[in-house]
Amino acid sequence: MSKKKSYRIDIKGLVQGVGFRPFIYRLATRYKFEGSVENRNDGVVVLLRCTGDELSQFVDCIREEAPPASKIESVTFDETESNSFDGFTIVKSRSVSDSITDVSPDIAVCDDCLEDMKIQRNRIDYPFVNCTNCGPRFTIIKDLPYDREKTTMKEFTMCESCRREYTDINDRRFHAQPVACAECGPVYTLYGKGYKITGQGRIIEESARLIEEGGIVAIKGLGGFFLACDPFSENTVRKLRELKNREGKPFAVMARDMEAVRKIAYADAAEEKLLLSLQRPIVLLRDRRKMAPSVNPGVDTTGVMLPYMPLHYLLFERLNIDTIVLTSGNITDEPIITDNSGAVEILGKVSDAVVTYNRDIHNRADDSVVSVINKRERVFRRSRGYAPVPVKVPLDVEGVLATGAELSGCFCIGRGNQAILSQHIGDLQNAGTFQFFTETVEKYKKLFRVKPTHIVTDMHPDYLSTRYSDLYELPVYRVQHHHAHIASCMAENGLDQKVIGVAMDGTGYGDDGRIWGSEFLVCNLEGYERAAHFGYMPMPGGDKVTAEPWRMALALLYEIYGESFTGLKLPFLRDIETEKVKLLCRAIDQGINTPLTSGSGRLFDAVSALTGLCTESRFHAEAPMRLEAVIDKNETGMYRFGRNGKLISFKPAIEMIVEDIKNGVPVSRISAMFHNTVTKAVVDTVKSISNRSGITDVVLSGGTFQNRHLSVNTERTLRDEGFRIYSHSSVPMNDGGIALGQLIVGAALRR
Ligand code: ZN
Ligand code: FE
């Protein structure tokens, strides 16, 4: 029999706040090993006395039986100086280095806890039930290592029975930091119009009653407040839009269970898996049955999620409807409200009741939004359940702070070879959102022990994220927007070589001072060559075109037909004053406030307006979304486009679309043919660049690829042509992923 020795096992990855130490303890006691387990802020360390064979068996068990919410990145072990132990113990946490281990994101309530809400004496209907496998994490964590005193649960002193569970190694709540019960934990309070309710049961009842009677209820979630109402009541949904000052942007809904989901939408196996995942994101699904028209006007998809907090389950037990609107508790573009007083004051005005609880939200987190494209998860908005899980990158990014873009604000900090992307922040032009941005940077610096040594920003001189870098007296790298998009996708896929990058995007600042957005780059992490792009289009009115897509349509018509385009008598022009049209043509002639853009998003805007689908846009990307929504999937035809050197021209396509409109071709076919044309243009251009350069790795990024039709067909066709295709999955392809690309480019340049 081989001799017992002392070993040290180092486990890295997402191993804190997920019940890892008790798991190790139970494993060790199962084998009757002596030793200890400890949370360090750089991972979990196990000391063990056993034989070599037993050690390898133990390590296998760690990998195979790890808690559901954990994610092990590495397990390393080595012999260590001889120790004697008295049984197996969990050592109290202490900070030992400036390294960190991953902070667990929030996890949806587990089935065992839901069961406890039915049978456990002090937890019957108690909505803050949680255990080591579930519950709040990131949103309540103030500092590491993850211990109750470093969370917003600090204020709550455990009662006898909770403490017993917390200290009983064989209990599911052993060392579950947010452990709570009706006796000692947080409680909900409902503030109605002139009244206040404190009993949990009565709060649920009252909320359900208000929602069913057409009211709006603000409810505190994990990362902020949300507004709930009946999605089948058009009056209520319209009222919610008015009060929230949110015009057309679709509302997300929460359905009771999968059966309820299927009543309103189609969900395939991959989508169902995401709906039921620990992250419980909003999943974009194709509509089966329309709810009130104002829920998602003009589009054929709805964002659907399943309950993730105990309160959601309790609410659905009382509700007679099995779906509710559940949208961010904010006004216009303000950040989602997190504090109780702000909620009562601000959301109190737009709702019939505000339901709060007395545990603070430390880190704001909106619901995450995902979509399944080509059977693969694509994260569009990365927040609750996802942030702050790091992206492992192929080079040293230590000390790099990347400030991101502007419209979908998000920053990224580097720690070793981990890129930590912040949660979705929002449009930085909003003052409150910009404050959220700066505060969150400070929180991340503290939480992850990062002292920035290098800053990376966009090239756009006026982005607030660019200007923010002035606060640091550090070396700054400025990265071209679309190079950052491609680099982001490269980082996510672990690439560090020369690739063909296709960035189909709204707009971004080009290195020639023009506005880019349909970029074919031959690039690596350090730099790029602009190999091709869509032809420039005038953008009369500058930024105004995003709200008024008709300007783009008019600009293209004017370019092609000159003044005679008015003679075409296109229906979409009927609603626009002749004076305005003339003024715009003069502006284009004289180049007044008419920058040039190659943004593919703008091309989609133009076609959406041209076909009369969307001349005025009420929210970001409404025009392309409406164009996509009407696609006739059986239509395989396409229009002509021109390719001349580096330039791809869609003028021939626009002329053909104009003819089709005049001939009364259904817009569903026009849209399909237009999408097919763009796909073909992308594929042909990639092929010609590949022929010239010999590169066969193709990286796709940019917000325009959120268009399912374009993404699916581009990826499939290129793959069929023999290319290796890399696309985004857990990092947004829109500007929410820019910071990761900036970070990796900065790190590569530093290298
Ligand atoms: Zn649980
Ligand atoms: Fe972009």
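A residue counts as buried when its relative accessible area is under 20%, as exposed when the value is over 50%, and as partly exposed in between. In this predicted model, Gly612 has a relative accessible area of 45% and is therefore partly exposed. Gly612 is found in the loop between helix H16 (600–610) and helix H17 (622–629), and its C-alpha atom is separated by 57 Å from that of Glu64, a residue 548 places away along the chain.

Ala621 lies in that loop between H16 and H17 as well, and it is partly exposed at a relative accessible area of 30%. The phi angle of Ala621 is near 70°, a positive value in a residue other than glycine. Helix H17, by contrast, is mostly covered, with six of its eight residues buried; these are Glu622, Ala623, Pro624, Arg626, Leu627 and Ala629. The buried residues of H17 pack against H16 and helix H19 (667–693).

## The iron site

The iron ion (ligand 2) is coordinated at 2.0 to 2.7 Å by the NE2 atoms of His481 and His485, by Asp505 through two OD entries, and by an OD atom of Asp735. Along the chain, the donors follow the spacing H-x3-H-x19-D-x229-D. Because His481 and His485 are four residues apart in helix H13 (residues 481–492), about one helical turn separates them. Both histidines, His481 and His485, are buried.

Asp735 lies in the loop between strand S32 (724–726) and helix H21 (738–750). Its side chain makes a polar contact of 3.0 Å with the side chain of His485, and, leaving aside residues up to four places away in sequence, Asp735 touches Ala405, Ser408, Tyr463, His481, His485 and Asp505. Although Asp735 is buried, it has no salt bridge, and the nearest side chain of opposite charge, that of Arg602, is 9.5 Å away.

## Salt bridges

Side chains of opposite charge can pair when their charged atoms come close. A search of the whole structure finds 40 salt bridges. One of these joins Arg378 and Glu715, whose closest N and O atoms are 2.9 Å apart. This pair links distant parts of the chain, since Arg378 is in strand S17 and Glu715 is in helix H20 (residues 708–720), 337 residues apart. Both partners count as buried, Arg378 with a relative accessible area of 2% and Glu715 with a relative accessible area of 2%.

Glu519 forms a salt bridge with Arg530, with the closest N and O atoms 2.5 Å apart. Glu519 belongs to strand S25 (residues 515–523) and Arg530 to strand S26 (residues 528–534), 11 residues apart. Glu519 is buried, with a relative accessible area of 0%, and Arg530 counts as buried at 13% relative accessibility. Elsewhere, salt bridges that share partners join Asp112, Asp116, Arg123, Glu165, Arg172 and Arg173 into one network.

A further salt bridge, at 2.8 Å from N to O, brings together the side chains of Asp10 and Arg8. Here the two partners fall in separate classes, as Asp10 counts as buried at 16% relative accessibility, whereas Arg8, at 31%, counts as partly exposed.

## An open sheet and a covered helix

Strands of a sheet pair through backbone hydrogen bonds, either parallel or antiparallel. One open sheet in the model has six strands in the order S18-S21-S20-S19-S22-S23, with mixed pairing. Strand S18 (391–392) and strand S23 (476–479) are its edge strands, each pairing on one side only. Within this sheet, strand S19 (residues 400–402) and strand S20 (residues 412–415) run antiparallel and are joined by two bridges, and the bridge partner of Leu401 in S20 is Ile413.

In helix H9 (residues 310–318), the buried residues include Pro310, Leu311, His312, Leu314, Leu315 and Phe316. Among the elements that cover the buried residues of H9 are H3, strand S6 (188–192), helix H5 (200–212) and strand S8 (217–220).

## Backbone features

Most residues other than glycine have a negative phi, and most peptide bonds are trans. Thr332, in the loop between strand S14 (323–328) and helix H10 (340–350), has a positive phi near 40°, and at 34% relative accessibility it counts as partly exposed.

The peptide bond from Leu144 to Pro145 is cis, with omega near -5°, and Pro145 is found in the loop between helix H3 (111–119) and helix H4 (160–167). The peptide bond from Ala387 to Pro388 is also cis, with omega near 0°; Pro388 sits in the loop between strand S17 (376–381) and S18.

Note on methods: Residues are numbered from 1 along each chain as its sequence is written. Chains are lettered from A and ligands numbered from 1 in the order in which they are written. This is a predicted model: local features need pLDDT of at least 70, side-chain atom pairs count only at pLDDT 80 or more; totals for chains, interfaces and linings use all residues. Side-chain values use heavy atoms; hydrogens and water are left out. Buried means under 20% relative accessible area, exposed over 50%, partly exposed in between (1.4 Å probe, protein chains only). Lys and Arg count as positive and Asp and Glu as negative; His and the chain ends are not counted. A salt bridge is a side-chain nitrogen of Lys or Arg within 4 Å of a carboxyl oxygen of Asp or Glu. A polar contact is a pair of N or O atoms within 3.5 Å; within protein, one must be able to donate a hydrogen and the other to accept it, and residues adjacent in sequence count only if both atoms are side-chain atoms. Contact means heavy atoms within 4.5 Å. Donors are N, O and S atoms within 2.8 Å of the metal (3.2 Å for Na, K and Ca); water is not among the atoms, so sites may look incomplete. Two strands pair if DSSP finds at least two bridges between them.
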